[in-house]
Amino acid sequence: MWNPFKKSDKQNSNQLGMLQKIAMKKMAKMSPQEQAKMMQEALKPENRGKLMGVMEQLKKSGMISEEQINEAKKRLGM
């Protein structure tokens, strides 16, 4: 019997969710100054631990690789 609440096995893990799509559109519409301000706030020292925790969770779930984490750390100056 068909269950409407069952998650599909065909779902691609690389697809963005609804909220992520909205966030990407909002980011694309921002001016460069607004983007820089938002990034400065996101990269405050108290938020870096949270960022690293999220990256580790993404690695465990297989969404990103160790190389991608190292590249992100390099770009963020960590």
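Analyst: Helices H3 and H4 cross with a right-handed sense. This is a predicted model, so please read the geometry that follows as computed from it. H3 covers residues 45–61 and H4 covers residues 66–76. Their axes lie 10 Å apart, and the packing angle is about 165°. Angles over 145 degrees count as roughly antiparallel, and that is why H3 and H4 are described as roughly antiparallel to each other.

Now to the side chains in this contact. From H3 come Arg48, Met52, Met55, Glu56 and Lys59, while H4 brings Glu66, Ile69, Ala72, Lys73 and Leu76. By class, that contact splits into five nonpolar and five charged residues, with no polar ones.

H3 also takes part in the second largest pocket: together with helix H2 (32–42), H3 gives two or more residues to its lining. The lining consists of Met27, Met38, Met39, Leu51 and Val54, and the space inside comes to about 240 Å³. Here the class count reads five nonpolar, no polar and no charged residues.

Note on methods. Residues numbered from 1 in each chain as written. Predicted model: local features only at pLDDT ≥ 70, side-chain atom pairs only at ≥ 80, totals over all residues. Heavy atoms only, no water. Axes fitted to C-alpha atoms, helices over the stretch in contact; angles between N-to-C directions. Helix = DSSP H or I, 4+ residues; strand = E, 2+ residues; numbered from the N terminus. Parallel < 35°, antiparallel > 145°, perpendicular 65-115°, else oblique. Left-handed = near helix turned anticlockwise from the far one by under 90°. Contact = heavy atoms within 4.5 Å. Nonpolar A, V, L, I, M, F, W, Y, C, P; charged D, E, K, R; others polar. 1 Å grid on protein atoms, 1.4 Å probe; cavity = no way out; pocket = protein on both sides within 12 Å on 5 of 7 lines; lining within 4 Å. Points joined across faces, edges and corners; volume = space filled by probe spheres on them.
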